[in-house]
Every structure is written in structure tokens, then in C-alpha cells.
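Visitor: I would like to learn how to read a few features of a structure. Please take them one at a time.

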Amino acid sequence: MQRTTLGNPLAERVVLAFLLACLTLIAVHQDWLWRLDRVIYDSQLRIWTRSVPDEIIIIAIDEESLEQIGRWPWPRSIHGQLLDRLAGENPLARAFDVLLSEPDLNQPENDVRFAAALARSHNVFLPVAIEQTRQRGFFSESLPIPELTIAATGLGHIHIELDKDGMARHTYLNEGLGTARWENINLALLRAGESKRSGTANDYRTYSPGTEKISADWVRNTPIMIPYAGPPGHFRRISYHQVISGDFTPGTFRDKYVLIGATAVGLGDALPTPVSGNNEPMSGVEINANILDTLYRGIDLKPVERIW
């Protein structure tokens with residue numbers, strides 16, 4: 001009877017380990033595990049809910065406000081009334097998550113009234129939208145009209161990055177055409193509020209710059225993950241029309257960061273997030289509230305480096 005000669009077990013293990021290492025390198029390089037990584041990350045976010053700070057409050061352009069004030073878009077003088085109503089409350093800083101890039105051709109005096117209210121107010125920031133045209137792929141910046149840009153305390157970008165699966169999981173603290181000149185509006189808001197409260201502003205150097213050039217003209221740096229505090233509706237909010245009519249407790253907005261934006265269904269930008277249950281997207285203004293909370297708390301989640 002002839003015996004079968006067994007191979008070298010050590011050599012077989014070395015070869016197997018080498019093959020597994022090669023397979024792992026290929027999987028990482030080709031992003032085969034990307035979806036699994038995101039599933040694990042999203043499930044952890046849904047478990048990791050936390051209370052939100054009292055310092056952040058949303059003024060919501062909601063269904064109730066549309067019923068009381070009228071169809072959108074509203075005359076911009078309405079926004080001026082809102083700022084004047086908030087003036088006596090002395091909030092730390094305010095930001096509009098409402099695009100203001102086109103003038104009111106029918107009633108230009110409304111733009112003048114809003115600009116005057118901006119000039120009377122302090123620490124009010126307006127949004128810059130960074131957009132990509134579909135036909136040729138060019139990028140553009142949509143700034144508020146000049147009268148409002150001059151009157152505002154400052155501008156900040158409101159661009160939210162979407163992953164390959166369409167989920168909003170991260171953003172960049174600086175973006176712009178040619179150079180990353182626009183701070184995220186929440187960072188600008190927080191700097192202004194800190195400066196008003198303590199006289200100093202955090203420089204946020206703990207966040208890694210990580211400059212990235214998307215095209216010949218679009219540059220961005222300092223990526224941050226958005227560790228959502230909870231599902232849609234988690235942050236404190238008050239209806240826009242309540243503020244206009246004075247239907248709120250005095251001191252509600254004192255020493256607060258105030259975000260003003262649309263929450264009504266079909267109005268404004270609502271995006272899918274890892275914490276949006278039952279396919280319920282989150283309004284852009286609440287995503288901004290989560291970004292503001294992330295910066296306010298100094299939370300810094302970072303993906304594991306590819307080499308690891």
C-alpha cells in the first residue's frame with residue numbers, strides 16, 4: 001500500500017495567510033466593504049442618541065406658519081420682522097437656512113426692509129449654496145443678493161455631502177471655488193456666539209484639515225462626520241409664525257444659537273440620514289443643528305485610515 005505524503009503545514013499556512021492578505025488589500029482598495037461599514041456605522045448612530053443642548057433652537061418654517069402667513073415664498077420684509085422681534089431677546093447668533101440669491105423684482109422694497117433689519121441686528125449669518133450644474137458639471141456659488149450680503153454679519157456655506165448611497169453623513173468646514181474661503185455656516189455661527197459670550201473664539205484646530213480638490217475650481221477641507229443626536233424632530237423648535245406674533249415666553253432665545261429654516265414637507269432641502277426612520281428625510285435646518293451641536297460639543301468622529 002502506498003502512503004500519501006502530506007505537504008508542509010507551515011508552508012500551507014503561510015500561503016493561505018498571503019492569499020488572505022491579498023484578498024483583504026483588494027477588498028479595501030476596491031471598497032467592497034463600504035456598504036457593510038456604513039450599515040455598522042448607521043446602526044451605532046441609531047443606538048447612540050443623546051440629549052441636545054438648550055443653547056440650540058430652530059425657528060421652523062412649518063405647515064402651521066404657511067397656513068398663518070401665506071404661501072411660500074414670503075415677502076422678505078417678513079424675515080425683517082422676525083429679526084426685529086428677536087432683537088429684544090439678545091440671542092448669541094442667528095443663521096438663515098433660506099436661499100436669498102434672487103432679488104424680489106415685484107416688491108424690491110421688501111429686500112430693502114430686510115437689509116435694514118439685518119443692519120440693525122448683530123451676529124446674523126446668511127447662506128452660500130455651492131451648486132453643480134448637471135449639463136456640464138461646472139460648479140457655482142450662489143450668494144445672497146448684494147444688499148443682503150453687505151448688511152449681514154457674514155456668510156457661510158450650507159453644502160452637505162452625500163455618500164454613494166445618497167445618505168448625508170458628513171460635511172466640510174471649509175469649501176469654495178478656487179479656494180476654500182467659505183466656512184460652514186454653523187462654524188461661523190459658533191465663532192460669533194463664543195466671541196460675544198466670552199470674547200474669544202475656538203479655532204477648531206483639533207479637526208484635521210485634509211484638503212481635497214474636487215475639480216479645477218472646487219476646493220474643500222476639514223471634513224467632519226455628523227454624529228446625529230437623534231431622529232428628525234429631536235431638536236427644540238418653535239414655529240416661525242409664533243415668533244412673528246410674539247407668542248413665546250420672554251427669554252426663550254436669550255443666549256441661544258438660532259437656526260431659521262424650512263421643516264414643512266416639500267419645502268426646502270430634506271435629506272436622508274442614518275437616523276431617519278421609515279424613510280423620513282431630515283430637514284436641512286435640523287441637519288445644520290446637528291452639525292452645530294457636533295462643533296459645540298467638540299465631537300470628532302474619524303474614519304479609520306485606509307492603511308489600517
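Guide: The model is a predicted one.

Visitor: Is Glu-286 buried or exposed?

Guide: The reading rests on relative accessibility, with buried meaning under 20%. Glu-286 has 1% relative accessibility, so Glu-286 counts as buried.

Visitor: Which residues does Glu-286 touch, not counting those up to four places away in sequence?

Guide: Glu-286 touches Ile-58, and also Pro-231, Pro-232, Gly-233, His-234, Phe-235 and Arg-237.

Visitor: Now a pair of helices. At what angle do the axes of α4 and α5 cross?

Guide: Helix α4 covers residues 76–87 and helix α5 covers residues 108–120; their axes cross at roughly 20° and come within 7 Å. Angles under 35 degrees count as roughly parallel, so α4 is roughly parallel to α5. The crossing in which α4 passes α5 is left-handed.

Visitor: Which residues make the contact between α4 and α5?

Guide: From α4 come Arg-76, Ser-77, His-79, Gly-80, Leu-83 and Asp-84. From α5 come Asn-110, Asp-111, Arg-113, Phe-114, Ala-117, Leu-118 and Arg-120. Sorted by class, this contact of α4 with α5 has five charged, four polar and four nonpolar residues.

Visitor: How does the reach of helix α7 compare with the expected value?

Guide: The expected value uses 1.5 Å a residue. Helix α7, residues 185–198, has 14 residues and reaches 20 Å from its first C-alpha to its last, close to the 20 Å expected.

Visitor: Which residues of α7 are buried?

Guide: The buried residues in α7 are Ile-185, Asn-186, Leu-187, Ala-188, Leu-189, Leu-190, Ala-192, Gly-193 and Glu-194.

Definitions and conventions
Residues numbered from 1 in each chain as written. Predicted model: local features only at pLDDT ≥ 70, side-chain atom pairs only at ≥ 80, totals over all residues. Heavy atoms only, no water. Helix = DSSP H or I, 4+ residues; strand = E, 2+ residues; numbered from the N terminus. Expected span 1.5 Å × (residues − 1). Buried < 20%, exposed > 50% of the residue type's maximum accessible area, 1.4 Å probe, protein only. Axes fitted to C-alpha atoms, helices over the stretch in contact; angles between N-to-C directions. Parallel < 35°, antiparallel > 145°, perpendicular 65-115°, else oblique. Left-handed = near helix turned anticlockwise from the far one by under 90°. Contact = heavy atoms within 4.5 Å. Nonpolar A, V, L, I, M, F, W, Y, C, P; charged D, E, K, R; others polar.
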